[in-house]
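Dear colleague,

I am passing on the structure below, and would be grateful if you could look it over alongside the notes that follow it.

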Amino acid sequence: MIMDEDQVLIKKILEGKKSSFEELMKKYNKKIFGFIYRMVRNEEVAIELTQDFFIKIYGVMSRYNFEYKFSTWAYRICYNLVIDYIRKNQAQVDSLDDDAVTQKQLLESENYVSEDGFECLAREELHHYIWKVVDCIPVKYRELVLLRYLQGLKYDEIALVTDLPVGTVKNRIFKAKEMLRTEIEKDGMFN
Amino acid sequence: MECLTNTKIQDYIGDTLNSVESAMARDHLIVCPACKKKYSEYETLEKHLLQPVEIIPPAIIERRVLAELFPLLPSYTSIFALVAASFVLLVTGIYIYFDFANNSIIQAIQLTANTTSNWLATLIKVISAVFSGVYTIFEAMNRVLKLLLKINLGAEIIGLTVFVLFTLLFYPIFKLAFRKLKG
């Protein structure tokens, strides 16, 4: 059986090589933390959950099935961890969603407005703006957008991670992009 | 021709339409400014989404995970500190014990301790009892060693060794408790 880079690392970790786990952690730290942070929108919680994720993944690594891609398996564990947290702290997350920090407030708070107004937003600013809007869409859409674009998963991989039918995944991502486009257009950011 | 739906435009960008549908969409986009505008907006959005804004994770995550999963062995400095602390503890213990035994005031307190409820007398009795008990154990261990290995280290050396070994053995627990105390 031909093993990919991740699987080679896992094999070494299972043989007790600590440095391989460090390597694996370095590889996934940014993506996992980025995903969790954008889902819970709280740095302290994101740090805690990222730690829990790595500790958990180390603990259950012996149960990893080498027939599957490690990343999909890992993202599934990460996804469940975050969803569990969100369910337990529904009120807190809802309040964040309710805030849905009107995009204009968001822009004002982070000095996104250039001297000439919204029309002259530089490309870089538009880029940050779009990702800020992503952070404000409801969780059920945001999670899929993040898995698709932040983690770079395909529709069928997202379906595996989230336990949703591929059709639902695709529809929700389309709907999410529609919401994003409408929101951005409303603020005249495409001009 | 009817305008393209948002889904159709997204499918066209994602290249998931069949060749006929794709050609029809392309032709329509040439003649319909409204759809063309939507198309370019979706395209811009897609381009930006494909390059996520990176969030740098704090370095503390890796450190904490590694400390949790692979508790470090004590360093040479802490081993030396433990040996020194155990030595001081043992010597102080012996000094206190013999001083207690020889000091007339302490002896007087000890004698009256049985009949009074003085807290100091009780404390002295407890310390003496604990130390006597521990010292007796070390003496017994020394006797066993003498019998088995024909070496006489002395109860004090045995005590020091036991203290050091005990502390080293429980080092990870002490460390964890200390970290929790520190918050």
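**Notes on the model**

B:Leu168 counts as partly exposed because it has 16 C-beta neighbours inside 10 Å, where a residue is buried if 20 or more other C-beta atoms lie within 10 Å of its own, exposed if 12 or fewer, and partly exposed in between, with C-beta atoms placed from the backbone. This is a predicted model, in which local features need pLDDT of at least 70 and side-chain atom pairs count only at pLDDT 80 or more, while totals for chains, interfaces and linings use all residues. Residues are numbered from 1 along each chain as its sequence is written, and chains are lettered from A and ligands numbered from 1 in the order in which they are written.

B:Leu168 sits in helix α8 (residues 155-169) of chain B; helices (H or I, at least four residues) and strands (E, at least two) are DSSP runs, numbered from the N terminus. Between B:Leu168 and B:Ile79 there are 7.7 Å in space, C-alpha to C-alpha, although they are 89 residues apart in sequence. Chain B as a whole has nine helices and zero strands, and 10% of its 183 residues count as buried. Of the contacts in chain B between residues at least 6 apart in sequence, 53% join residues at least 24 apart, a contact being two residues whose C-beta atoms, placed from the backbone, lie within 7 Å.

Turning to chain A, α2(A) and helix α4 (residues 70-88) of chain A pack at an angle of about 25 degrees with their axes 11 Å apart, the axes being lines fitted to C-alpha atoms, for helices over the stretch in contact, and the angles running from 0 to 180 degrees between N-to-C directions. That angle makes α2(A) roughly parallel to α4(A), since angles under 35 degrees count as roughly parallel, over 145 as roughly antiparallel, 65 to 115 as roughly perpendicular and the rest as oblique. From α2(A), A:Tyr28, A:Ile32, A:Phe35, A:Ile36, A:Met39 and A:Val40 meet A:Ala74, A:Cys78, A:Val82, A:Tyr85 and A:Ile86 of α4(A). By class, this contact of α2(A) with α4(A) has 11 nonpolar, no polar and no charged residues; Ala, Val, Leu, Ile, Met, Phe, Trp, Tyr, Cys and Pro count as nonpolar, Asp, Glu, Lys and Arg as charged, and the others, Gly among them, as polar.

A:Leu49, in helix α3 of chain A, counts as buried because it has 25 C-beta neighbours inside 10 Å. Leaving aside residues up to four places away in sequence, A:Leu49 touches A:Ile36, A:Val40, A:Leu81, A:Val82 and A:Tyr85. In α7(A), the buried residues include A:Tyr129, A:Ile130 and A:Trp131.

Between the chains, the contact takes 28 residues from chain A and 25 residues from chain B. The largest share of the side of chain A that touches chain B, eight residues, comes from α2(A). Helix α2 (residues 18-40) of chain A packs against helix α4 (residues 60-69) of chain B at an angle of about 135 degrees, with their axes 11 Å apart, which makes α2(A) oblique to α4(B). Here A:Glu22, A:Met25, A:Asn29 and A:Phe33 in α2(A) meet B:Ile61, B:Glu62, B:Val65 and B:Leu66 in α4(B), and the residues of this contact divide into five nonpolar, one polar and two charged.

With best regards
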